[in-house]
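Here is a friendly briefing to read alongside your model. Please keep the sequence and the 3D view open as you go.

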Amino acid sequence: MNKFDDGPNRAGANASVKKFLESSEFPFETIDDHLFVAEMPGEQKLKTNVSLLLGQHSLSINAFVMRAPEENTNEVHRWLLEHNRKLFGVSYALDHLGDVYVTGRLPLAAVSHESLDQIFGSIHVACDDNFNVLVAMGFAESIKREWAWRVSRGEPLANLRAFTDLIGADA
């Protein structure tokens, strides 16, 4: 059996992933019938791309959170580790560049609508609910520079409003 042969668990997991994504109404695409890429909308982070890769024995889940922090790296990493224990089925991870991801793995036999719903709920918390906290911790100086630059040019500040506490009371 090669890496992408369909056994009964793989075929069932594939059908469960497709059905879940269709019912969730997330835009998604299927690549080679074993890789799904879904776009999960958010509020703090406008969208999160989630990849679901069906392997021979498991479903691998990956979602990009943010690029490597420019400052307070140790504090950001500590925060991520402390919050890993609160997530269901996924955890924060770093790639070789220090970019932050959420990753998880499920045995194919455990892939169901319910398990995917729980995993996507955790991804939402990890990527969207916590996004502004992580960005403020890892990019405060960049946010301040961007705010000043936009103010000096009369540019819109709407997508920076969540960070007014970093700028000061007169923002």
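Which residues have the most contacts inside the largest nonpolar core? They are Tyr92 and Ile123, in a core of 43 residues. A nonpolar core here is a set of buried Ala, Val, Leu, Ile, Met, Phe, Trp, Tyr and Cys residues joined through side-chain atoms within 4.5 Å. This is a predicted model, where local features need pLDDT of at least 70 and side-chain atom pairs count only at pLDDT 80 or more, while totals for chains, interfaces and linings use all residues. Residues are numbered from 1 along each chain as its sequence is written, and side-chain values use heavy atoms, with hydrogens and water left out.

**Overall layout**

- The protein has 5 helices and 6 strands, with helices (H or I, at least four residues) and strands (E, at least two) taken as DSSP runs numbered from the N terminus.
- Along the sequence the pattern reads α-β-β-β-β-α-β-β-α-α-α.
- The C-alpha atoms fill a box of roughly 60 × 30 × 25 Å along the principal axes.
- Of the 171 residues, 40% count as buried; buried means under 20% relative accessible area, exposed over 50%, and partly exposed in between, using a 1.4 Å probe and protein chains only.
- Among contacts with a separation of 6 or more, 55% come from residues 24 or more positions apart, a contact being heavy atoms within 4.5 Å.

**The core**

- The largest nonpolar core, with its 43 residues, draws two or more residues from each of α1 (8-24), β2 (35-41), β3 (47-54), β4 (58-66), α2 (73-84), β6 (100-107), α3 and α4 (131-153).
- The element that gives the most to this core is α4, with 7 residues.
- Tyr92 touches a set of residues that includes Trp79, Leu80, Val102, Ala126 and Leu134, leaving aside residues up to four places away in sequence.
- In soluble globular proteins, nonpolar side chains tend to be buried together.

**Helix α3**

- Helix α3 covers residues 113-129, 17 residues in all, and reaches 22 Å from its first C-alpha to its last.
- That span is close to the 24 Å expected at 1.5 Å a residue, where the expected value is 1.5 Å times one less than the number of residues.
- Its buried residues include Leu116, Ile119, Phe120, Ile123 and Ala126.
- An α-helix has 3.6 residues a turn, so residues three or four places apart point the same way.

**The largest pocket**

- About 430 Å³ of space lies in the largest pocket.
- A pocket is an open set of points on a 1 Å grid over the protein atoms alone, where a 1.4 Å probe fits, with protein on both sides within 12 Å along at least five of seven lines; lining residues have an atom within 4 Å of a point.
- Of the 18 lining residues, Phe131, Val135, Asn159, Leu160 and Phe163 are the closest to the pocket centre.
- Both β4 and α4 give two or more residues to the lining, and α4 supplies the largest share, 7 residues.

- Asp33, in the loop between β1 and β2, has a positive phi near 60 degrees and is partly exposed at 36% relative accessible area.
- Most residues other than glycine have a negative phi.
- Ala148 lies in helix α4 and counts as partly exposed at 45% relative accessibility.

Notes. Points joined across faces, edges and corners; volume = space filled by probe spheres on them.
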